[in-house]
Amino acid sequence: MLLIPIIGKISWRNPPFITISLILINCIIYFSFQLGENKVYHHLQEHYFKSGLLEIEVPRYLAYVDGKPYAQAYSQEFSRMTQDSIGPVTAKLFKDTLFQKELDSDRLITPEDPVYGKWKGLRKVHLSLYESIVSVHYGFRPAQARPITWLSHMFLHGSVSHLIGNMIFLWLVGCILEYGIGRRYYPVVYILGGLFAVLLYFAVKHASTIPLVGASGAIAGLMGAFAVIFGKERVRIFLSLGFYFNYFKVRAIYLLPLWMGSELYQLFFGGVSQVAYTAHLGGLAGGAGLAFFYLRVIGAVDTEILQDNGEDKVSPKLETAMTHMGKLEFGKARRLLLELRSEEPDRTDILRLLFNIDRHFPEKKAVHQTTTAYLRRLGG
(Lines give C-alpha, C1' and ligand atoms only; values in the text may rest on other atoms or scores of the structure.)
Protein backbone atom coordinates (compact mmCIF):
# COMPACT_ATOMS: atom_id res chain seq x y z
CA MET A 1 0.00 0.00 0.00
CA LEU A 2 1.34 3.41 -1.00
CA LEU A 3 -0.11 6.29 1.02
CA ILE A 4 1.62 9.64 0.59
CA PRO A 5 0.68 13.28 1.20
CA ILE A 6 0.50 15.68 -1.73
CA ILE A 7 2.48 18.90 -1.58
CA GLY A 8 0.45 22.07 -1.51
CA LYS A 9 1.88 25.35 -2.76
CA ILE A 10 5.64 25.91 -2.64
CA SER A 11 7.01 29.42 -2.79
CA TRP A 12 10.07 29.51 -5.02
CA ARG A 13 10.82 32.95 -3.63
CA ASN A 14 11.28 31.14 -0.31
CA PRO A 15 12.12 27.55 -1.36
CA PRO A 16 12.51 24.64 1.08
CA PHE A 17 16.29 25.06 1.43
CA ILE A 18 16.80 22.39 4.08
CA THR A 19 14.93 19.70 2.17
CA ILE A 20 16.77 20.57 -1.04
CA SER A 21 20.08 20.51 0.87
CA LEU A 22 19.35 17.10 2.40
CA ILE A 23 18.50 15.70 -1.03
CA LEU A 24 21.70 17.14 -2.50
CA ILE A 25 23.83 15.77 0.36
CA ASN A 26 22.37 12.27 -0.08
CA CYS A 27 22.88 12.38 -3.85
CA ILE A 28 26.42 13.78 -3.64
CA ILE A 29 27.47 11.12 -1.13
CA TYR A 30 26.04 8.31 -3.23
CA PHE A 31 27.40 9.42 -6.60
CA SER A 32 30.77 10.50 -5.20
CA PHE A 33 31.54 7.61 -2.84
CA GLN A 34 29.15 4.70 -3.43
CA LEU A 35 28.57 4.45 -7.16
CA GLY A 36 31.42 1.95 -7.70
CA GLU A 37 30.51 -0.33 -4.81
CA ASN A 38 29.12 -3.06 -7.04
CA LYS A 39 32.60 -3.55 -8.52
CA VAL A 40 34.06 -3.95 -5.03
CA TYR A 41 31.32 -6.44 -4.10
CA HIS A 42 32.06 -8.38 -7.28
CA HIS A 43 35.78 -8.41 -6.51
CA LEU A 44 35.00 -9.52 -2.94
CA GLN A 45 32.82 -12.39 -4.17
CA GLU A 46 35.42 -13.38 -6.75
CA HIS A 47 38.13 -13.46 -4.08
CA TYR A 48 36.01 -15.62 -1.79
CA PHE A 49 35.18 -18.17 -4.47
CA LYS A 50 38.62 -18.36 -6.11
CA SER A 51 41.05 -17.91 -3.22
CA GLY A 52 40.20 -21.11 -1.39
CA LEU A 53 38.11 -19.56 1.40
CA LEU A 54 34.99 -21.21 0.02
CA GLU A 55 36.51 -24.71 0.28
CA ILE A 56 37.69 -24.04 3.86
CA GLU A 57 34.69 -22.28 5.40
CA VAL A 58 31.65 -23.94 3.80
CA PRO A 59 32.49 -27.49 5.10
CA ARG A 60 32.97 -25.97 8.59
CA TYR A 61 29.63 -24.26 8.25
CA LEU A 62 27.93 -27.52 7.28
CA ALA A 63 29.35 -29.08 10.44
CA TYR A 64 28.33 -26.04 12.49
CA VAL A 65 24.73 -26.25 11.26
CA ASP A 66 24.67 -29.95 12.17
CA GLY A 67 26.01 -29.10 15.62
CA LYS A 68 28.99 -31.42 15.19
CA PRO A 69 32.78 -30.96 15.09
CA TYR A 70 34.28 -30.62 11.64
CA ALA A 71 35.30 -33.88 9.99
CA GLN A 72 36.65 -34.78 6.54
CA ALA A 73 33.22 -36.10 5.62
CA TYR A 74 31.95 -32.50 5.43
CA SER A 75 34.63 -31.61 2.86
CA GLN A 76 33.50 -34.62 0.85
CA GLU A 77 29.90 -33.46 1.14
CA PHE A 78 30.97 -30.00 -0.08
CA SER A 79 32.76 -31.52 -3.10
CA ARG A 80 29.48 -33.14 -4.16
CA MET A 81 27.52 -29.86 -4.00
CA THR A 82 26.48 -28.10 -7.20
CA GLN A 83 26.87 -24.39 -7.92
CA ASP A 84 23.13 -23.94 -7.40
CA SER A 85 23.29 -25.43 -3.92
CA ILE A 86 26.51 -23.69 -2.86
CA GLY A 87 25.08 -20.20 -3.44
CA PRO A 88 22.27 -20.35 -0.83
CA VAL A 89 24.56 -21.99 1.74
CA THR A 90 27.19 -19.28 1.26
CA ALA A 91 24.54 -16.57 1.63
CA LYS A 92 23.43 -18.08 4.95
CA LEU A 93 27.06 -18.40 6.05
CA PHE A 94 27.67 -14.67 5.56
CA LYS A 95 24.49 -13.68 7.43
CA ASP A 96 24.98 -16.12 10.33
CA THR A 97 26.29 -13.74 12.99
CA LEU A 98 27.07 -16.43 15.55
CA PHE A 99 29.03 -18.48 13.02
CA GLN A 100 31.07 -15.43 12.01
CA LYS A 101 31.85 -14.71 15.66
CA GLU A 102 33.00 -18.29 16.13
CA LEU A 103 35.27 -17.94 13.11
CA ASP A 104 36.76 -14.68 14.33
CA SER A 105 37.44 -16.16 17.76
CA ASP A 106 39.44 -19.05 16.19
CA ARG A 107 37.17 -21.62 17.84
CA LEU A 108 36.03 -23.31 14.62
CA ILE A 109 39.36 -23.18 12.85
CA THR A 110 42.02 -23.39 15.57
CA PRO A 111 45.75 -22.65 15.31
CA GLU A 112 46.31 -26.41 15.43
CA ASP A 113 44.35 -26.93 12.22
CA PRO A 114 46.68 -27.53 9.22
CA VAL A 115 44.80 -24.93 7.12
CA TYR A 116 44.80 -22.28 9.87
CA GLY A 117 47.69 -20.22 8.52
CA LYS A 118 46.38 -20.14 4.95
CA TRP A 119 42.82 -19.47 6.11
CA LYS A 120 43.82 -16.67 8.47
CA GLY A 121 45.70 -14.81 5.75
CA LEU A 122 42.92 -15.19 3.20
CA ARG A 123 40.27 -14.13 5.70
CA LYS A 124 42.29 -11.03 6.60
CA VAL A 125 42.33 -10.00 2.92
CA HIS A 126 38.61 -10.80 2.58
CA LEU A 127 37.66 -8.72 5.64
CA SER A 128 39.88 -5.86 4.47
CA LEU A 129 38.07 -5.78 1.11
CA TYR A 130 34.72 -5.96 2.88
CA GLU A 131 35.56 -3.06 5.21
CA SER A 132 36.68 -0.94 2.24
CA ILE A 133 33.06 -0.77 1.02
CA VAL A 134 31.61 2.59 2.10
CA SER A 135 28.16 1.22 2.94
CA VAL A 136 29.80 -1.43 5.12
CA HIS A 137 32.32 0.83 6.86
CA TYR A 138 29.86 3.65 7.50
CA GLY A 139 26.63 1.64 7.58
CA PHE A 140 25.13 0.77 10.95
CA ARG A 141 26.06 -2.77 12.03
CA PRO A 142 24.41 -3.42 15.41
CA ALA A 143 26.95 -6.02 16.57
CA GLN A 144 29.87 -3.78 15.56
CA ALA A 145 28.31 -0.33 15.90
CA ARG A 146 30.64 2.68 15.98
CA PRO A 147 29.38 6.08 17.19
CA ILE A 148 29.70 7.70 13.76
CA THR A 149 27.56 5.03 12.07
CA TRP A 150 24.51 6.00 14.13
CA LEU A 151 24.49 9.15 12.00
CA SER A 152 26.36 8.25 8.81
CA HIS A 153 24.07 5.33 7.86
CA MET A 154 21.17 7.68 7.15
CA PHE A 155 23.08 9.39 4.32
CA LEU A 156 24.03 6.17 2.49
CA HIS A 157 22.01 4.06 0.03
CA GLY A 158 22.21 0.60 -1.43
CA SER A 159 21.38 1.46 -5.04
CA VAL A 160 20.21 4.24 -7.35
CA SER A 161 16.59 3.07 -7.05
CA HIS A 162 16.90 3.03 -3.24
CA LEU A 163 18.21 6.60 -3.35
CA ILE A 164 15.53 7.87 -5.75
CA GLY A 165 12.70 6.26 -3.79
CA ASN A 166 13.86 7.80 -0.52
CA MET A 167 14.45 11.23 -2.05
CA ILE A 168 10.94 11.31 -3.52
CA PHE A 169 9.45 10.65 -0.09
CA LEU A 170 11.82 13.18 1.49
CA TRP A 171 10.64 15.82 -0.97
CA LEU A 172 6.93 15.06 -0.54
CA VAL A 173 6.94 15.00 3.26
CA GLY A 174 9.95 17.18 3.98
CA CYS A 175 8.79 20.27 2.11
CA ILE A 176 5.48 20.36 3.96
CA LEU A 177 7.10 19.87 7.35
CA GLU A 178 9.87 22.39 6.70
CA TYR A 179 7.31 25.10 6.00
CA GLY A 180 5.12 23.88 8.86
CA ILE A 181 7.61 24.02 11.74
CA GLY A 182 10.39 26.12 10.23
CA ARG A 183 14.02 25.59 9.33
CA ARG A 184 15.26 25.72 12.91
CA TYR A 185 13.42 22.63 14.12
CA TYR A 186 12.96 20.65 10.91
CA PRO A 187 16.55 19.27 10.62
CA VAL A 188 16.42 18.37 14.33
CA VAL A 189 13.39 16.18 13.65
CA TYR A 190 15.16 14.62 10.67
CA ILE A 191 18.30 13.68 12.62
CA LEU A 192 16.57 12.63 15.85
CA GLY A 193 13.95 10.68 13.88
CA GLY A 194 16.78 8.78 12.20
CA LEU A 195 18.38 8.09 15.60
CA PHE A 196 15.10 6.78 17.01
CA ALA A 197 14.81 4.55 13.96
CA VAL A 198 18.25 3.04 14.43
CA LEU A 199 17.71 2.73 18.19
CA LEU A 200 14.74 0.39 17.73
CA TYR A 201 16.61 -1.46 15.00
CA PHE A 202 19.56 -1.91 17.38
CA ALA A 203 17.27 -3.18 20.15
CA VAL A 204 15.74 -5.83 17.87
CA LYS A 205 18.77 -6.71 15.72
CA HIS A 206 21.59 -6.16 18.24
CA ALA A 207 23.50 -9.29 17.12
CA SER A 208 23.36 -8.52 13.39
CA THR A 209 26.49 -7.69 11.40
CA ILE A 210 24.54 -6.74 8.25
CA PRO A 211 24.95 -2.98 7.60
CA LEU A 212 21.84 -0.81 7.73
CA VAL A 213 21.90 2.06 5.23
CA GLY A 214 19.34 4.53 3.95
CA ALA A 215 17.51 7.73 4.83
CA SER A 216 14.19 5.92 5.20
CA GLY A 217 14.38 5.80 9.01
CA ALA A 218 14.91 9.57 9.19
CA ILE A 219 12.17 10.10 6.59
CA ALA A 220 9.85 7.88 8.63
CA GLY A 221 10.59 10.26 11.52
CA LEU A 222 9.43 13.16 9.35
CA MET A 223 6.30 11.21 8.42
CA GLY A 224 5.46 10.53 12.07
CA ALA A 225 6.02 14.20 12.92
CA PHE A 226 3.93 15.30 9.91
CA ALA A 227 0.94 13.25 11.06
CA VAL A 228 1.01 14.76 14.56
CA ILE A 229 2.02 18.34 13.68
CA PHE A 230 -0.85 18.73 11.21
CA GLY A 231 -3.09 16.39 13.22
CA LYS A 232 -6.57 17.85 12.72
CA GLU A 233 -5.81 19.43 9.35
CA ARG A 234 -7.33 17.74 6.32
CA VAL A 235 -4.52 16.90 3.90
CA ARG A 236 -4.61 15.59 0.35
CA ILE A 237 -3.10 12.14 -0.04
CA PHE A 238 -2.51 9.74 -2.89
CA LEU A 239 -3.50 6.12 -2.27
CA SER A 240 -2.31 3.22 -4.40
CA LEU A 241 -3.15 -0.44 -3.83
CA GLY A 242 -1.54 -1.60 -7.07
CA PHE A 243 -4.82 -2.21 -8.87
CA TYR A 244 -6.58 0.85 -7.42
CA PHE A 245 -5.44 4.45 -6.93
CA ASN A 246 -7.15 7.65 -6.00
CA TYR A 247 -6.84 10.98 -4.19
CA PHE A 248 -8.46 11.64 -0.83
CA LYS A 249 -8.56 14.25 1.89
CA VAL A 250 -8.15 12.97 5.45
CA ARG A 251 -7.07 14.34 8.80
CA ALA A 252 -3.29 14.06 9.02
CA ILE A 253 -3.34 12.19 12.33
CA TYR A 254 -5.13 9.23 10.70
CA LEU A 255 -2.04 8.63 8.60
CA LEU A 256 0.07 7.63 11.60
CA PRO A 257 -1.79 4.38 12.46
CA LEU A 258 -2.14 3.62 8.76
CA TRP A 259 1.59 4.00 8.14
CA MET A 260 2.50 2.04 11.26
CA GLY A 261 -0.03 -0.67 10.43
CA SER A 262 1.44 -1.01 6.94
CA GLU A 263 4.98 -1.38 8.34
CA LEU A 264 3.84 -3.95 10.93
CA TYR A 265 2.06 -5.95 8.26
CA GLN A 266 5.14 -5.98 6.03
CA LEU A 267 7.34 -6.87 8.99
CA PHE A 268 5.33 -9.90 10.08
CA PHE A 269 3.58 -11.03 6.90
CA GLY A 270 5.56 -9.54 4.01
CA GLY A 271 8.02 -12.43 3.68
CA VAL A 272 11.79 -12.17 3.42
CA SER A 273 12.89 -8.64 2.59
CA GLN A 274 15.95 -6.41 2.85
CA VAL A 275 13.76 -3.47 3.91
CA ALA A 276 14.33 -2.45 7.54
CA TYR A 277 10.69 -2.20 8.63
CA THR A 278 11.81 -2.16 12.26
CA ALA A 279 13.77 1.03 11.62
CA HIS A 280 10.75 2.57 9.87
CA LEU A 281 8.59 1.84 12.92
CA GLY A 282 11.19 3.40 15.20
CA GLY A 283 11.31 6.48 13.01
CA LEU A 284 7.52 6.85 12.88
CA ALA A 285 7.16 6.49 16.64
CA GLY A 286 10.13 8.75 17.35
CA GLY A 287 8.96 11.45 14.95
CA ALA A 288 5.47 11.38 16.44
CA GLY A 289 6.92 11.72 19.94
CA LEU A 290 9.10 14.65 18.88
CA ALA A 291 6.05 16.33 17.32
CA PHE A 292 4.01 15.96 20.52
CA PHE A 293 6.91 17.56 22.41
CA TYR A 294 7.14 20.36 19.83
CA LEU A 295 3.42 21.15 20.06
CA ARG A 296 3.50 21.28 23.86
CA VAL A 297 6.66 23.38 24.17
CA ILE A 298 6.65 25.57 21.04
CA GLY A 299 3.32 25.05 19.33
CA ALA A 300 3.80 27.31 16.30
CA VAL A 301 2.64 25.59 13.09
CA ASP A 302 2.18 27.18 9.67
CA THR A 303 -0.54 25.32 7.75
CA GLU A 304 -0.50 27.61 4.70
CA ILE A 305 1.26 25.02 2.52
CA LEU A 306 -1.72 22.72 2.93
CA GLN A 307 -4.13 25.28 1.49
CA ASP A 308 -5.22 25.26 -2.14
CA ASN A 309 -3.55 27.97 -4.20
CA GLY A 310 -6.56 29.90 -5.46
CA GLU A 311 -9.38 28.41 -7.51
CA ASP A 312 -8.13 25.27 -9.17
CA LYS A 313 -10.46 24.10 -11.93
CA VAL A 314 -8.16 21.38 -13.23
CA SER A 315 -7.47 19.35 -10.08
CA PRO A 316 -11.14 18.50 -9.30
CA LYS A 317 -11.61 17.25 -12.87
CA LEU A 318 -8.33 15.36 -12.69
CA GLU A 319 -9.42 13.71 -9.45
CA THR A 320 -12.74 12.76 -11.06
CA ALA A 321 -10.87 11.22 -14.00
CA MET A 322 -8.66 9.29 -11.55
CA THR A 323 -11.77 8.04 -9.77
CA HIS A 324 -13.21 6.79 -13.07
CA MET A 325 -9.91 5.03 -13.79
CA GLY A 326 -9.97 3.42 -10.37
CA LYS A 327 -13.44 2.07 -11.19
CA LEU A 328 -12.18 0.91 -14.61
CA GLU A 329 -14.54 3.40 -16.31
CA PHE A 330 -11.95 4.19 -18.96
CA GLY A 331 -14.38 5.75 -21.44
CA LYS A 332 -15.55 8.40 -18.97
CA ALA A 333 -12.01 9.01 -17.76
CA ARG A 334 -10.68 9.42 -21.30
CA ARG A 335 -13.35 11.93 -22.30
CA LEU A 336 -12.61 14.03 -19.24
CA LEU A 337 -8.83 13.84 -19.80
CA LEU A 338 -9.23 14.93 -23.44
CA GLU A 339 -11.25 17.91 -22.23
CA LEU A 340 -8.52 18.71 -19.68
CA ARG A 341 -5.79 18.40 -22.29
CA SER A 342 -7.52 20.95 -24.49
CA GLU A 343 -7.52 23.33 -21.49
CA GLU A 344 -3.97 22.49 -20.30
CA PRO A 345 -2.00 21.15 -23.32
CA ASP A 346 1.39 21.47 -21.57
CA ARG A 347 0.60 19.26 -18.55
CA THR A 348 2.52 15.99 -18.74
CA ASP A 349 0.48 14.33 -15.97
CA ILE A 350 -2.71 14.57 -18.05
CA LEU A 351 -0.96 13.08 -21.06
CA ARG A 352 0.51 10.31 -18.89
CA LEU A 353 -2.95 9.30 -17.66
CA LEU A 354 -4.24 9.27 -21.24
CA PHE A 355 -1.33 7.04 -22.21
CA ASN A 356 -2.08 4.68 -19.29
CA ILE A 357 -5.64 4.31 -20.57
CA ASP A 358 -4.89 3.98 -24.29
CA ARG A 359 -2.15 1.40 -23.87
CA HIS A 360 -4.80 -1.05 -22.66
CA PHE A 361 -6.44 -0.83 -26.10
CA PRO A 362 -3.58 -1.42 -28.59
CA GLU A 363 -6.00 -2.24 -31.38
CA LYS A 364 -7.28 1.36 -31.48
CA LYS A 365 -5.57 4.12 -33.48
CA ALA A 366 -5.62 6.50 -30.50
CA VAL A 367 -2.85 4.59 -28.75
CA HIS A 368 -0.33 5.50 -31.44
CA GLN A 369 -1.21 9.19 -31.31
CA THR A 370 -1.10 9.29 -27.50
CA THR A 371 2.16 7.32 -27.30
CA THR A 372 3.86 9.60 -29.84
CA ALA A 373 2.70 12.73 -28.03
CA TYR A 374 3.77 11.33 -24.65
CA LEU A 375 7.24 10.34 -25.89
CA ARG A 376 7.72 13.76 -27.46
CA ARG A 377 6.74 15.38 -24.17
CA LEU A 378 9.19 13.21 -22.19
CA GLY A 379 11.91 13.98 -24.69
CA GLY A 380 11.47 17.66 -24.02
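**Exercise 1.** In this predicted model, find the residue with which Lys317 forms a salt bridge, and state how far apart the closest N and O atoms are.

*Solution.* Begin at the side chain of Lys317, which forms a salt bridge with Glu339, the closest N and O atoms being 3.1 Å apart. Finally, consider the cover around each partner, where partly exposed stands for a relative accessible area between the 20% limit for buried and the 50% limit for exposed. Lys317 is partly exposed because its relative accessible area is 25%, and Glu339, at 36%, counts as partly exposed as well.

**Exercise 2.** Describe helix 15 by its span and by its buried residues.

*Solution.* Helix 15 runs over residues 314-326, which makes 13 residues, and from its first C-alpha to its last it reaches 18 Å, close to the 18 Å expected at 1.5 Å a residue. The buried residues of this helix are then listed: Val314, Ser315, Leu318, Ala321, Met322, His324, Met325 and Gly326. To read such a list, recall that an α-helix has 3.6 residues a turn, so residues three or four places apart point the same way. After the helix comes Leu328, whose phi is positive, near 65°.

**Exercise 3.** Determine which parts of the chain are tied together by the salt bridge between Asp113 and Arg60, and decide whether each partner is buried or exposed.

*Solution.* The closest N and O atoms of Asp113 and Arg60 are 2.9 Å apart. Asp113 lies in the loop between helix 6 (97-104) and helix 7 (116-131), while Arg60 lies in helix 3 (residues 53-66), so the pair ties together parts that are 53 residues apart in sequence. For the second part, the limit for buried is under 20% relative accessible area. Asp113 counts as buried because its relative accessibility is 17%, and Arg60, at 7%, counts as buried too.

**Exercise 4.** Identify the residues that make the nonpolar surface patch, and say which helix gives the largest share.

*Solution.* The patch, of about 440 Å², is made by Phe31, Leu35, Val160, Ile164 and Ile168. Its largest share, three residues, comes from helix 10 (residues 160-181).

Methods
Residues are numbered from 1 along each chain as its sequence is written. This is a predicted model: local features need pLDDT of at least 70, side-chain atom pairs count only at pLDDT 80 or more; totals for chains, interfaces and linings use all residues. Side-chain values use heavy atoms; hydrogens and water are left out. Patches are made of residues with over 30% relative accessible area and no salt bridge: like charges are joined within 9 Å, nonpolar side chains (Val, Leu, Ile, Met, Phe, Trp, Tyr) within 5 Å. Accessible areas come from the Shrake-Rupley method with a 1.4 Å probe; for residues, only the protein chains shown count as cover. A salt bridge is a side-chain nitrogen of Lys or Arg within 4 Å of a carboxyl oxygen of Asp or Glu. Helices (H or I, at least four residues) and strands (E, at least two) are DSSP runs, numbered from the N terminus. The expected span of a helix is 1.5 Å times one less than its number of residues. Buried means under 20% relative accessible area, exposed over 50%, partly exposed in between (1.4 Å probe, protein chains only).
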